[in-house]
Amino acid sequence: MKLPIYLYGSKVLREPAQAADVADREKISALVSDMEETLASADGCGLAAPQVGVPTRVLIVDGRGLEDVYPYLKDFKRVMINPVVVEESKETCDYSEGCLSVPGIYAEVRRPEKIKVEYINADFEPVAEEFDKFACRMVQHELDHLDGKMFVDRVAPIRRKMIAKKLTNISHGKVSAHYKTKHD
């Protein structure tokens, strides 16, 4: 089922998500299925459960639609349940990010170049995996959502001032998106 994506200004996007109850596989699998359908219909490359109004530590990253630009993402799709970053590089890189919860805004964000994450996958198996390049960027962006943070919190102060009015408009529902949105 396609779910609405909560917009910037919604309370659920600012609260740290709670650990998913991995014993309730049916509930988590249903959430993941709904999130996959929602992500596909919105043409995004990542989605965290808080973005669909569920304050649970579940995220999806899907780079398969980006393979023209990033060939190494040809088969890259991950479902992460209760992910935790266990290592991150000191080296950083900047990249322009956008977000389904902040439609129409893009800004440079500095993040670690590489990370290692431990998580439970969609088959409820424990995984430890290292990420770099754009895959690393996608994972870190969605992990922020699980901690109540958004990419606009990480932009340079001058850029933040430049987008302040747009953010205010989004938080008041004055925005257009090609997917179903919601604001609490």
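The model is predicted. A search of the whole structure finds 12 salt bridges, whereas the count of disulfides is zero.

**Salt bridges across the chain**
- Arg14 and Asp153 form a salt bridge, with their closest N and O atoms 2.5 Å apart. Arg14 lies in the loop between strand S1 and helix H1, and Asp153 in the loop between helices H2 and H3, so the pair ties together parts 139 residues apart in sequence.
- Arg14 is partly exposed at 35% relative accessibility, and Asp153 is partly exposed at 34%.
- A salt bridge also joins Lys77 to Glu36, the closest N and O atoms being 2.6 Å apart. This pair links strand S4, which holds Lys77, to helix H1, which holds Glu36, across 41 residues.

**Strands S5 and S6**
- Strands S5 (residues 92-99) and S6 (residues 102-112) run antiparallel and are joined by seven bridges. A hairpin of two residues connects S5 to S6, and Ser96 stands opposite Glu108 in S6.
- Glu97 forms a salt bridge with Arg111, the closest N and O atoms being 2.6 Å apart. Glu97 lies in S5 and Arg111 in S6, so the pair ties together parts 14 residues apart in sequence.
- Glu97 is buried at 4% relative accessibility, as is Arg111 at 2%. Through shared partners, salt bridges join Glu97, Arg111, Arg137, Asp144 and Arg154 into one network.

**Cysteines**
- The sulfur of Cys93 is 7.0 Å from the closest cysteine sulfur, in Cys136, which is too far for a bond. Cys93 is partly exposed at 29%.
- For Cys99, the closest cysteine sulfur is in Cys45 at 9.7 Å, again too far for a bond. Cys99 is buried at 11% relative accessibility.

Key:
Residues are numbered from 1 along each chain as its sequence is written. This is a predicted model: local features need pLDDT of at least 70, side-chain atom pairs count only at pLDDT 80 or more; totals for chains, interfaces and linings use all residues. Side-chain values use heavy atoms; hydrogens and water are left out. A disulfide is a pair of cysteine sulfur atoms within 2.5 Å. Buried means under 20% relative accessible area, exposed over 50%, partly exposed in between (1.4 Å probe, protein chains only). Two strands pair if DSSP finds at least two bridges between them. Helices (H or I, at least four residues) and strands (E, at least two) are DSSP runs, numbered from the N terminus. A salt bridge is a side-chain nitrogen of Lys or Arg within 4 Å of a carboxyl oxygen of Asp or Glu.
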